[in-house]
Amino acid sequence: MKLLITAVSKMILGMAAICLILFLPAGTIHYENGLLFCALLFIPMIIVGIILFVKDKELLAKRLNNKEKENTQKAVILISSFEFLGCFVCAGLDYRFGWTHIPGVIVIIASVMFFAAYLMYAEVMRENAYLSRVVEVQKNQKVVSTGLYGVVRHPMYAATLLLFSMMPIVLGSWAALAFMAGLPFILAKRIQNEEQVLKAGLDGYEEYTKKVKYRMIPFIW
């Protein structure tokens with residue numbers, strides 16, 4: 001019951017916060033791209049949450065835990081939070097004042113890619129029972145090297161990069177896209193710090209990094 005209350009309360013607060021910083025700058029609830037984005041974000045989030053609560057409460061608890069211990073990770077999260085805040089506020093203002101316009105067909109393509117990133121994210125959670133929002137080595141943790149983890153070492157961050165990069169486009173704002181320009185570098189910094197922790201505390205991870213060459217983007221990095 002405690003887990004259920006925590007999950008529902010965090011979900012409601014998160015949804016309310018996103019709607020506030022998105023529709024308040026837009027000056028209206030009739031911001032079509034904003035409504036589309038909320039549907040693409042919230043509906044899969046609720047479905048995944050229900051599935052985890054029914055089938056894997058331990059993983060759900062890990063995903064709800066965001067208390068970072070690493071100072072580097074705390075800084076990364078703070079910087080990325082300002083990025084997302086700027087992206088949402090800028091998109092809302094862009095809609096209100098008509099600074100930029102993204103054609104509908106591009107918005108549709110971005111929406112499909114956004115949803116594909118969500119599916120990829122769900123697959124990562126299915127493959128890795130040790131998946132956590134904080135950088136740590138868990139008790140009895142083992143290296144996962146199958147599925148998407150056989151392609152890149154950090155498929156969760158690959159999905160995150162695709163998901164968040166599509167956000168401004170789904171929201172219909174080229175201007176807001178500028179706030180996501182630093183996202184790859186922020187994720188790279190988080191990955192570098194995470195790998196230091198894993199190499200130091202997780203048996204077999206050093207060998208895994210030699211087997212799977214790319215960290216986040218195949219053939220690039």
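1. Basis. The model is predicted, so local features need pLDDT of at least 70 and side-chain atom pairs pLDDT 80 or more, while totals for chains, interfaces and linings use all residues. Residues are numbered from 1 along each chain as its sequence is written, and side-chain values use heavy atoms, without hydrogens and water.

2. Core. The largest nonpolar core contains 50 residues (a core is a set of buried Ala, Val, Leu, Ile, Met, Phe, Trp, Tyr and Cys residues joined through side-chain atoms within 4.5 Å; buried means under 20% relative accessible area, exposed over 50%, partly exposed in between, with a 1.4 Å probe and protein chains only). L22, F37 and F114 have the most contacts inside this core. Elements giving it two or more residues include α1, α2, α4 and α5 (helices are DSSP runs of H or I, at least four residues, numbered from the N terminus). Helix α6 supplies the largest share, 11 residues. Beyond its neighbours within four places in sequence, F37 is in contact with I18, L22, F88, F114, M167, V170 and L171 (contact means heavy atoms within 4.5 Å).

3. Salt bridges. There are two in the structure (a side-chain nitrogen of Lys or Arg within 4 Å of a carboxyl oxygen of Asp or Glu). One joins R153 and E195, at 2.7 Å from N to O. R153 is in the loop between α5 and α6 and E195 in helix α8, so this pair ties together parts 42 residues apart in sequence. The other joins E195 and R215, at 3.3 Å from N to O. R215 lies in the segment after α9, so here the parts tied together are 20 residues apart in sequence. Shared partners join R153, E195 and R215 into one network. R153 counts as buried at 6% relative accessibility, E195 as buried at 3%, and R215 as partly exposed at 25%.

4. Which opposite charge is nearest to D94? It is the side chain of R96, 11 Å away; D94 is buried and has no salt bridge (Lys and Arg count as positive, Asp and Glu as negative; His and the chain ends are not counted). D94 lies in helix α4, residues 71-97.

5. Surface sites. M1 is exposed, with a relative accessible area of 71%. D203, in the loop between α8 and α9, is exposed at 74%. The C-alpha atoms of D203 and K142 are separated by 7.4 Å, although these residues are 61 residues apart along the chain.
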